[in-house]
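This report looks at how selected residues are placed and packed in a protein model. Please have the structure open while reading.

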Amino acid sequence: QHVLNLPHAHCIELGAGTGAVGLFAAGLGCSSVVLTDCRPPPDSAMYTTDGGAELPSDGSDTLLEILEHNVEVNRELITLSNTNMPRVMELDWTQPHQMERVLAQSAGPTGTSRRVLFDLVLCSDVTHFSAMHQPLASNIAGLLNPDGGVCLVSHQERMLTLNGHDMQLEDFISAARATCLDVERIAAGQLS
């Protein structure tokens, strides 16, 4: 139902991690891409996807530096389809002033006062902490262009109830609806 004109789409990835999803959007030709993640607090444990080495979680800029590095190493691939390189920005969903800063710094050319809302908000594997569902939904609602903007959230099932319900996903959908977002569930097999 939703058609995006990617060469004119302003895109943001929330909780980008390595930035793979947002970098792919840039490679497809989105006119602008912003990759965001937070500075993890000292008590958070982070591991590589293979369960191996622990990443530093000292509140440093490590995640943002990884994003910057991945943008740089993919520069040639991105510039084949897009003249605008993705930008990396800090965004802690629990800090509303950071969302406002992202919007302000993602605005059009210097001197324009128009805030640019995003036509495409991408979220991959960011729904695993129920405590973050409401801040995530609030950020999606605050960043998404209400005139045709689309948010795609990829969710990984981790735990099902005895009845087969994915409570993490259900909690996120409830938080999104409480933030007045329209939610449509699409199974992986239904994507084309």
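## Basis of the model

The model is predicted, so that local features need pLDDT of at least 70 and side-chain atom pairs count only at pLDDT 80 or more, while totals for chains, interfaces and linings use all residues. Residues are numbered from 1 along each chain as its sequence is written, and side-chain values use heavy atoms, with hydrogens and water left out.

## Nonpolar cores

A nonpolar core is here a set of buried Ala, Val, Leu, Ile, Met, Phe, Trp, Tyr and Cys residues joined through side-chain atoms within 4.5 Å, where buried means under 20% relative accessible area, exposed over 50%, and partly exposed in between (1.4 Å probe, protein chains only). The largest such core has 22 residues, and Leu136 and Ile140 are among those with the most contacts inside it. Strand S1 (10-14), helix H4 (96-105), strand S4 (120-124), H5 and H6 each supply at least two of its residues, with the largest share, four residues, coming from H5. Helices (H or I, at least four residues) and strands (E, at least two) are DSSP runs, numbered from the N terminus.

Leaving aside neighbours within four places in sequence, Leu136 is in contact (heavy atoms within 4.5 Å) with residues including Leu14, Trp93 and Phe172. A second, separate core of 17 residues includes Ala25, Ala26, Val33 and Leu122.

## Two individual residues

Asn139 lies in helix H5 (residues 133-143) and counts as buried because its relative accessibility is 4%. Residues up to four places away in sequence not being counted, Asn139 touches Leu91, Trp93 and Met99.

Ala188, in the segment after helix H6 (167-178), is exposed because its relative accessible area is 66%. The C-alpha atoms of Ala188 and Ser154 are separated by 9.1 Å, with the two residues 34 residues apart along the chain.
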